Amino acid sequence: MRIIITGSPGTGKTIIAEKLSKQLGIPLIDIKKVVNKRKLAGKRHEVDLKRLASALSFLKSKKDFVAEGHLACEVRLPADFVFVLRTNPKTLKKRLAKRRYAKRKLEENLMAEMLDYCTQRSEKTYRKKPLELDTSGLTVAACVSKIIKAIKQKKKRLDSVDYSGELRAYLRPGR
Ligand SMILES: Nc1ncnc2c1ncn2[C@@H]1O[C@H](COP(=O)(O)OP(=O)(O)OP(=O)(O)O)[C@@H](O)[C@H]1O
Ligand SMILES: [Mg+2]
């Protein structure tokens, strides 16, 4: 089974994918580790996606893996299931603030989540709708269980996430 876990930074990809790969007994590919090991990020942390695709081309010969990373929505990997983790912007803001992100970086990331960036991008990259999982209010274990259930049931849809209300509130003048 080839499983992709993507989503905005801080939505829980690493922690959830680690547990998932352990429970399923299949290897975990951490895309961030590949980027660092192969020094694929530039001075402004921008990643050369062509080089990343080539660094991940070994996946073509693999039958089973969980590949996790925000960039999995940009680079087309072999996939049976593509999950996009979603997290309520309020919760996400708290998580990213803990990382001491600069204000602009924090806002860009929150905006990306509210605009469904990874979902839209995944749909374009993989040419099919990904399975969105709303992790808000769920434990990591519950998220993993939901993913396993969706795989077993070969689901084509999971949650339907819409943060347009949060986006409107965020953009309101004088908020
Ligand atoms: N469902 C959850 N419930 C509670 N805490 C969570 C949940 N999911 C993730 N977290 C916490 O949120 C933080 C971010 O999680 P994680 O590092 O897995 O995110 P990520 O999506 O891999 O981020 P990045 O894209 O930056 O690598 C961690 O401290 C993690 O413990
Ligand atoms: Mg991570």
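Since the model is predicted, local features need pLDDT of at least 70 and side-chain atom pairs count only at pLDDT 80 or more, while totals for chains, interfaces and linings use all residues. Residues are numbered from 1 along each chain as its sequence is written, and chains are lettered from A and ligands numbered from 1 in the order in which they are written.

Let's start with the sheet. What is the strand order? It's β2-β3-β1-β4-β5, an open sheet of five strands with parallel pairing. Strands here are DSSP E runs of at least two residues, helices are H or I runs of at least four, and both are numbered from the N terminus. Two strands pair if DSSP finds at least two bridges between them. β2, residues 28-30, and β5 sit at the edges with a single partner strand each, so one side of each has no neighbour in the sheet. On average, neighbouring strands are turned by 20° against each other, ignoring direction.

Now walk through the pairs. β1 and β3 are parallel over four bridges, and Ile5 has Glu68 in β3 as its bridge partner. On to β1 and β4: five bridges, parallel again, with Gly7 partnered by Leu85 in β4. Then β4 and β5 pair over four bridges, also parallel, and there Val84 finds Glu132 in β5.

Next, the helices. α6, residues 117-126, lies across β1, β4 and β5, at about 170° to β4. α7 lies across β4 and β5, at about 155° to β5. Those angles run from 0 to 180 degrees between N-to-C directions, using axes fitted to C-alpha atoms, for helices over the stretch in contact. Contact means C-beta atoms, placed from the backbone, within 7 Å.

So is β4 buried or exposed? Five of its six residues are buried, so β4 is largely enclosed by the rest of the structure. Buried means 20 or more other C-beta atoms within 10 Å of a residue's own; exposed is 12 or fewer, and partly exposed is in between.

That brings us to the largest nonpolar core, with 31 residues. A core is a set of buried Ala, Val, Leu, Ile, Met, Phe, Trp, Tyr and Cys residues joined through C-beta atoms within 7 Å. Ile4, Ile5, Ala67, Ala72 and Phe83 have the most contacts inside it. Elements giving at least two residues include β1, α1 and α7, but β4 gives the largest share, four.

Last stop, Ala72: leaving out residues up to four places away in sequence, Ala72 touches Ile4, Thr6, Ile31, Ala67 and Leu77.

Conventions:
Contact = placed C-beta atoms within 7 Å.
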